[in-house]
Amino acid sequence: MKERKKLLMTVLGTLILFSVAFLLLYLFYFKVLKADTASEGSKEILIQVIVPDEEVLEFTIITNAETLREALDEKKLIGGEESIYGFLITEVNGRKADNSKQEWWCITKDGEFSDYGVDMLIIQDKDKYELTLMEGY
Amino acid sequence: MRTKDMVIIGIMSALIITVQIGLAFLPNIELVSLLIILCTIVYRWKTLFIIYVFVIVEVLIYGFGIWSINYLYIWTVLMLITMLFRNKRSPFFWAILSGAYGLSFGTLCSVPYLFIGGIPMAVSKIISGIPFDVVHCIGNYVIALVLFKPLYRFLEWINQKGNDLIS
């Protein structure tokens, strides 16, 4: 009897755990991801890509994303790598920063340096960000 | 603190660091949770020292980041939960607990973001981490289910041998 109760509790515990896990996954994919792609978005942000000696490119992103990284990822504008300091941008609009020339991508908001990384910058409607290719560390 | 305790803390911390680095290429598949559970069952409060040696070495290896703040409390939370159920020996029980811990890992890690960007940032971190938490949950469940018993027996055997040698 005790063994049966134990078995029942084990099966029940496992079922509850995986039900919660799959419910969360379901909500994530069908309520969060789909909702994001289905609606046009509530925020409009302007991104300027500045490469020295080249024409400044401008991208308008209409999004529901919370962070700048999510918004840029939606448009596949950036590439990079995860680091212990957060996401490190190494590529913008197909232009890779050349390590050998000490190039790196700098994020500014209305010309002001940002204290946070791209994945921690919360975006607001009408925000304007500049992604500038810098040379020299 | 006795010499034996210092040796245990050193060896177990080194073991946890090794398995963490060894499995770092697999996102959210880790043995650290199970080893902390096992250390807590066998070595009780000494696990606190093991955890913080592990955390200090991790910071020395990877540098300081937001994750370092998480590590200051996240493993201790697991240890405290384990202390509550330290007499349980069922692999299924620990698999469920370890799985639940894996599932709530993202939520626990979002605490610093609450202070950085408020509730919206913390919630967005939790939501964006759901797929990783689910992988963590399944990974922890399977690992604990398969490895809890053999590793517990091994650790108990070593502990017993150590005690016999001293006495």
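This is a predicted model: local features need pLDDT of at least 70, side-chain atom pairs count only at pLDDT 80 or more; totals for chains, interfaces and linings use all residues.
Let me start at a turn. In chain A, β4(A) and β5(A) form a hairpin with 2 residues between them, and Asn93(A) in that turn has a positive phi of about 50°. Helices and strands here are DSSP runs, H or I of at least four residues for helices and E of at least two for strands, numbered from the N terminus. Two strands pair if DSSP finds at least two bridges between them.

Some ground rules. Residues are numbered from 1 along each chain as its sequence is written, with chains lettered from A and ligands numbered from 1 in the order in which they are written.

β4(A) and β5(A) are antiparallel, over 2 bridges. Glu91(A) has Lys96(A) in β5(A) as its bridge partner. Asn93(A) sits in the loop between β4 (86-92) and β5 (95-96). Asn93(A) is not a glycine, yet its phi is positive. It counts as partly exposed, with 16 C-beta neighbours inside 10 Å. The cut-offs: buried means 20 or more other C-beta atoms within 10 Å of the residue's own, exposed means 12 or fewer, partly exposed is in between, and C-beta atoms are placed from the backbone.

Strand β3 (residues 78-83) and β4(A) run antiparallel, joined by 6 bridges. Ser83(A) stands opposite Gly86(A) in β4(A).

Now chain A as a whole. It has 2 helices and 8 strands. The order from the N terminus is α-β-β-α-β-β-β-β-β-β. Of its 137 residues, 19% are buried.

Chain A also has an open sheet. Its 5 strands are ordered β2-β1-β8-β6-β7, with mixed pairing. Which strands stand at the edges? They are β2 (57-63) and β7 (112-113); each has a single partner strand, so one side of each is left without a neighbour in the sheet. Strand β1 (residues 43-50) pairs with β2(A) in the antiparallel sense, over 7 bridges. Within that pair, Lys43(A) has Thr63(A) as its bridge partner.

Next, the cores. A nonpolar core is a set of buried Ala, Val, Leu, Ile, Met, Phe, Trp, Tyr and Cys residues joined through C-beta atoms within 7 Å. The largest has 38 residues, and among those with the most contacts inside it are Leu34(B), Ile50(B) and Ala144(B).

Take Ile50(B). Beyond its neighbours within four places in sequence, it is in contact with Ile9(B), Met12(B), Ser13(B), Ile16(B) and Cys39(B). Contact means C-beta atoms, placed from the backbone, within 7 Å. A second, separate core has 19 residues, including Val49(A) and Leu121(A).

A quick geometry check. The 20 residues of α1(B) should span 28 Å at 1.5 Å a residue, and the end C-alpha atoms are 28 Å apart, which agrees. The expected span is 1.5 Å times one less than the number of residues.

Last, the contact between the chains. It takes 19 residues from chain B and 16 from chain A. On the chain B side, α7(B) has the largest share, 6 residues. What is that side made of? It divides into 14 nonpolar, 5 polar and no charged residues. Here Ala, Val, Leu, Ile, Met, Phe, Trp, Tyr, Cys and Pro count as nonpolar, Asp, Glu, Lys and Arg as charged, and the others, Gly among them, as polar.

Note on methods. Two residues are in contact if their C-beta atoms, placed from the backbone, lie within 7 Å.
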